[in-house]
Each structure stands twice: as C-alpha cells, then as structure tokens.
Amino acid sequence: MGRNSAESWDGNDESTSHSRRTSSTASLQPRLGPGLLLFPGNAQKQSPGLDAAGTKTIPNANDNHVPVNQQRSIRCIRRPPLWQPPPPSKGGPEEQELVPDQIPDAKRGATKLGAKVHAFIIEFLQGSSIHGFIYLAKLGLNFVERMLWFAFICVALFSIISLSKRTWHRFQTSPMVISMDRNKLVWNTSFPSLTVCPHKRIDELKVEEYILAHEEDFETEEDQEDFRDFIVKLASLTYDNLESLPLNKSFGISGEKYLDLLYELKWAFEPEISSGAAVKMFIYETQTEFGICHAVNSLVARYNSFDYWRSNDWSILDHGDRVTVHPLDGEIYAQIINLSTAYDVYFHGAGDVPSISKQRYTFPESDYTTVELIALEIYTNEEARAFTTKQRSCRFNYEAEDMQSVPIYSFGLCLSECRMFFALRACGCIPHFYRNRLRNGRRLPVCGLEGIGCLVRIKREIISLKSDKYKINCNCLANCDDSNFFVQSHRSRVWFLGANLQWGIIDYPKMQLRRDVLFSFADVLVYIGGLVGFFLGCSALSFTEIIYYFTARFVRRMFFN
C-alpha cells in the first residue's frame with residue numbers, strides 16, 4: 001500500500017515535474033524575431049547550462065535542475081546594430097517611427113523599383129559606346145564637370161538634328177538634277193505631234209435639216225438666221241471669243257445639249273496623212289478647249305474624244321509605239337492633205353495636248369505649207385520612278401490619281417482640268433467642251449447662256465489661272481518624259497489642189513536634257529551617319545545597343561533579377 005502510494009506519488013510528482021518542465025521550457029525557448037538569425041545544427045561546444053550528455057537544465061525554485069530534452073542545438077547570432085529596430089518610444093503612437101516591417105508595401109515597392117531604375121541607368125551610361133555618356137556617371141567627377149559634359153552632349157545632339165533636318169528636306173524637295181546629254185547618236189528623237197483645228201466645223205445642210213425638224217423653235221426667218229450664226233460661233237467657242245456668242249436667245253437648247261448638237265451638225269473633216277517614218281501615224285478626232293479638232297501622233301487625244309466620253313469609258317487605251325526618228329534616218333516629213341479649209345495648228349509633244357497659252361499658227365485653205373521644227377527633249381532616268389512626284393517635280397503618264405476627268409496624266413490635261421474646276425467654282429458650271437462626268441460618277445452642270453455670260457467676266461483669270469479673288473492651286477507638274485518643239489521656219493506657196501501641211505525635223509538636236517538622281521536615300525543615310533559619328537562617335541550598333549538595353553535587358557533587370 002505504501003509502495004503503491006509511493007509509486008503513485010512518484011508518478012504524480014513526475015507528471016507535475018514534466019508539466020513544470022514544459023512550462024518553463026516554453027517560457028525560456030528563444031523566439032524568432034527580426035533581431036535573431038537561427039542556424040539549426042549540432043553544437044560544437046558545450047554551452048553553459050548543458051551537461052555532458054547535451055541536456056539543458058533549467059533551474060527551478062522548488063526543485064533541483066530539471067533536464068529538458070533538446071534534439072538540435074540553436075546558435076543565436078545577432079544582426080549588426082543598424083539592423084536592430086529602435087527601442088519603443090515612451091510617447092504616443094504618433095511619436096513612434098515606423099520600423100521596416102511596418103512600412104507600407106506600396107511605398108517600399110516603389111522605393112525598391114526606383115533604386116533598380118537608377119542603378120540600371122548608371123550601368124547603361126557607364127557601359128555605353130556613345131562618347132561622352134560615361135562622364136555623366138563616372139565616379140570622382142563633381143557636379144560642375146557632369147553639367148559641362150551634359151551641355152556638350154546637348155550641343156552635339158542639337159547639331160545632329162539641325163543638320164539632319166536640312167539633309168532630309170533636301171532629299172524631299174530636290175533630290176533630282178537636270179543634266180545635259182550630248183551623245184546624240186545613242187538616242188531617238190520623238191517626231192513632232194500636232195493638233196489641227198479647222199475653221200469650218202458646221203455643215204450647212206445639216207443645219208437646215210435641223211431647222212426643218214424643229215420648226216416650232218424657229219417662228220421667223222430672223223430666228224433661223226440667228227440660229228445659224230449661233231451654232232457656228234458655238235462650234236468655234238473658246239476662252240478667247242466667249243463674248244462673241246449671242247446670249248439673247250437659247251432656241252430651247254440647254255447647255256447639257258450643246259456638245260451633242262455640235263457633233264450632230266459637224267462638218268465631215270477627213271484629212272489624209274502620210275509620212276516617211278517607219279511607224280505609221282494615226283489621226284484622231286479630239287475635243288479641245290478650241291472645239292472639235294484632230295490630233296496626229298498623239299498618245300492622249302483619244303481620251304478626249306466624244307465617243308470615249310459618251311461610252312463612259314475609263315480604261316487605258318493602246319496607242320502603239322511612239323514615232324521616233326534618228327539622225328541616220330535623214331530628213332523625215334509627215335504630210336496632211338485634203339484639208340479643204342483654213343485651219344489652226346498647235347505643235348506639241350506626243351504626250352500632251354494643245355493649251356490656250358501656247359502659240360498657234362493659222363494657214364489658209366489654198367496654200368501648201370512646209371514647217372520645219374527643232375526639238376528639245378527631256379527624259380527621266382528609271383531610278384527616279386522610286387521617288388515620289390513631289391521629289392521628282394514631275395509625273396509619269398500613269399500617275400493620274402489626282403486626275404478626275406481622264407485616266408492618264410498630262411501637263412496640258414491637268415491645266416485644262418484646273419480651268420474647268422475654277423470655272424465651276426466661280427460660275428457654278430463648266431463650258432461644254434469639257435467632260436462633265438468625273439471618275440467618281442459625279443456629273444457637273446454645263447453652262448448655258450447665263451453661265452457663259454459669267455465666264456466672259458472672268459475669262460482672263462481662267463486663261464492665266466491667276467486671280468485676286470479666288471485662290472487657284474492647280475498642282476500641275478511637268479511630264480517626266482516630255483518633248484518641246486519650236487518652229488524654226490515655215491514657208492507657204494499657192495497650191496491648186498487645196499490646203500496641205502507638211503512638217504518635220506530637218507536639224508536633229510545635238511543635245512537633250514536628262515533628269516538624274518543626285519541625292520538618293522543611301523546618300524541620306526551616309527550623310528546622317530557621318531554627322532552622328534562626327535559629333536558622338538557612335539555607329540548603327542550603338543543605336544542597336546540602346547534598343548537592347550531599354551527592352552530585353554531592362555525587363556530582365558527589373559523583373560527577373
């Protein structure tokens with residue numbers, strides 16, 4: 001009984017002792033705080049308070065030393081003093097500074113990111129191959145020295161930008177040069193083209209038939225005579241003689257029907273053509289600012305024909321080969337026979353049309369006339385096709401995106417279209433000798449008698465395309481491949497078989513003008529690269545280095561390091 005009691009007491013004492021040891025051990029166990037670094041492992045030395053077996057004893061007020069089981073020893077190393085949190089202040093919460101663990105996460109993240117960016121920029125400046133950048137971040141320089149180097153770099157950058165802008169402006173405005181080519185035996189000269197406008201354009205018999213068919217519009221003989229005079233002057237109407245058209249009677253004819261009526265009553269002008277050139281020449285009927293005319297050796301006349309307009313066609317036509325001659329061909333003439341009336345002649349290139357500002361020659365119906373011309377041609381190098389029209393200051397015939405009434409480009413056609421739109425803006429209508437349907441399907445109103453009266457008042461402005469009241473901007477550029485012909489001499493003699501016209505080149509040109517590329521894009525790169533190398537001492541790889549630093553390397557350093 002006593003033994004059992006003793007055992008029971010010992011058990012209770014052991015249990016009590018165990019609970020005390022647990023409580024004491026828990027209260028004395030080191031805590032993991034910011035001020036301690038814990039390294040688990042077996043102790044190499046026996047610390048104070050450990051017995052030979054490695055058991056830690058804790059003094060107790062009521063008992064002897066009680067062993068505590070310890071599986072691993074703990075080495076406690078304190079951080080440097082600067083890392084320790086400051087002691088708590090005795091004041092209120094407002095006077096206590098925030099310890100590092102109490103700084104907001106957003107502010108701590110921003111500070112850390114700013115430090116990374118600053119370190120990254122310093123690294124870039126110190127490792128850049130661009131001259132002068134290293135002195136902005138080099139150690140040992142004071143603030144004044146850094147500012148001086150920064151000023152030098154700014155001056156260099158300003159010089160590069162300023163001179164590069166001038167170079168780019170030159171490339172955009174004048175990269176071409178017109179030079180003189182005197183190697184006359186290697187080129188062919190274009191044969192002169194011309195447009196013949198007969199003075200007689202109305203068939204009297206057709207006029208009489210029209211009057212009989214519309215007796216209700218002509219009540220008296222005076223009305224009939226006035227109509228005959230009206231239709232003859234309408235057929236020859238141009239900007240020079242607008243005031244000659246009678247504006248008192250319309251005879252029930254609107255402006256929309258003028259062109260249809262003129263082609264219905266026109267006189268059959270059917271001249272014949274012959275030439276000594278190897279390529280056959282064609283003569284086409286065409287509508288010009290001078291009325292119904294006929295063009296020879298023209299590449300653009302068919303786009304102004306009445307049939308082409310009436311069919312609402314916008315396709316590119318096949319004109320065949322351009323007629324050219326060579327000095328070895330000798331004297332070559334072309335001839336138009338059976339003109340049967342007096343006529344006006346306009347000489348021009350194959351890719352152009354007669355203009356009201358060009359000189360015209362008038363010959364009677366009873367003369368055999370011979371005209372000798374001299375030629376001056378300009379052609380453009382094939383390399384220039386890669387440039388824009390603004391850079392070239394000329395257009396090829398296929399660059400007709402701005403033309404509204406024809407599918408090809410010509411300097412003369414552009415001027416005619418500019419006059420047409422100026423008349424539309426000033427008077428609200430266009431003369432009948434223009435195409436009144438545009439490429440976008442819009443139909444323009446044709447001037448009647450009232451509209452022609454408005455055109456009379458501004459005809460000088462229309463001819464010169466200069467006005468104080470209206471702003472005129474035609475934006476018409478010269479033809480890149482153009483031929484200019486000048487009459488050297490002409491002679492006439494009476495010919496009993498009617499009017500004949502003979503023309504040709506008797507003196508072949510000794511030179512021609514050539515539009516070449518003077519300043520290409522490669523020259524721009526070389527010039528700007530030389531400026532950058534001279535002022536900053538860098539190359540194309542230096543710019544590649546900048547791109548690399550601020551893309552791949554920046555992302556890697558900011559987010560993956």
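Biologist: Where does Glu216 lie, and between which helices?

Modeller: Please keep in mind that this is a predicted model. Glu216 is in the loop that runs between helix H4 (204-213) and helix H5 (221-235).

Biologist: Why is Glu216 called exposed?

Modeller: The relative accessibility of Glu216 is 54%, and the word exposed is used over 50%, so Glu216 counts as exposed.

Biologist: What makes the negative surface patch that includes Glu216?

Modeller: The patch is formed by Glu215, Glu216, Asp217 and Glu219. Asp and Glu count as negative, and a patch takes residues with over 30% relative accessible area and no salt bridge, like charges being joined within 9 Å.

Biologist: How do you know that Asp223 forms a salt bridge with Lys249?

Modeller: The closest N and O atoms of Asp223 and Lys249 are 2.6 Å apart, and a salt bridge asks for a side-chain nitrogen of Lys or Arg within 4 Å of a carboxyl oxygen of Asp or Glu, so the pair qualifies. The two residues link distant parts of the chain, since Asp223 is in helix H5 while Lys249 is in the loop between H5 and H6, 26 residues apart. In general, side chains of opposite charge can pair when their charged atoms come close.

Biologist: What makes Glu225 and Arg228 a salt bridge, and how are they placed in helix H5?

Modeller: Their side chains meet at 3.1 Å, N to O, and the limit is 4 Å, so the pair is a salt bridge. Because Glu225 and Arg228 are three residues apart in helix H5, about one helical turn separates them. Glu225 counts as partly exposed at 45% relative accessibility, whereas Arg228 counts as buried at 19%. Both also belong to a network of salt bridges that links Glu208, Glu221, Glu225 and Arg228, and a search of the whole structure finds 19 salt bridges.

Biologist: What can be said of the salt bridge between Arg310 and Asp307?

Modeller: The side chains of Arg310 and Asp307 meet at 3.0 Å, N to O, which is again set against the limit of 4 Å. Both residues lie in helix H7 (residues 306-310), three residues apart, about one turn of the helix, and Arg310 is exposed, as is Asp307.

Biologist: What makes the largest nonpolar core, and which residues have the most contacts inside it?

Modeller: A nonpolar core is a set of buried nonpolar residues joined through side-chain atoms within 4.5 Å, and the largest one here has 45 residues, with Phe227, Ile231, Leu234, Tyr239 and Leu265 having the most contacts inside it. The elements that give two or more residues to this core are H4, H5, helix H6 (258-265), helix H9 (411-427), helix H10 (449-457) and helix H11 (459-464). H9 gives the most, with six residues.

Biologist: What is noted about the phi of Phe251, and is Phe251 buried or exposed?

Modeller: Phe251 has a positive phi of about 55° although it is not a glycine, and Phe251 is found in the loop between H5 and H6. The relative accessible area of Phe251 is 9%, and buried means under 20%, so Phe251 is buried.

Notes
Residues numbered from 1 in each chain as written. Predicted model: local features only at pLDDT ≥ 70, side-chain atom pairs only at ≥ 80, totals over all residues. Heavy atoms only, no water. Patch = residues over 30% accessible without salt bridge, like charges linked within 9 Å, V, L, I, M, F, W, Y side chains within 5 Å. Areas by Shrake-Rupley, 256 points an atom, 1.4 Å probe, with all protein chains shown as cover. Charge placed at Lys NZ, Arg CZ, Asp CG, Glu CD. Helix = DSSP H or I, 4+ residues; strand = E, 2+ residues; numbered from the N terminus. Buried < 20%, exposed > 50% of the residue type's maximum accessible area, 1.4 Å probe, protein only.
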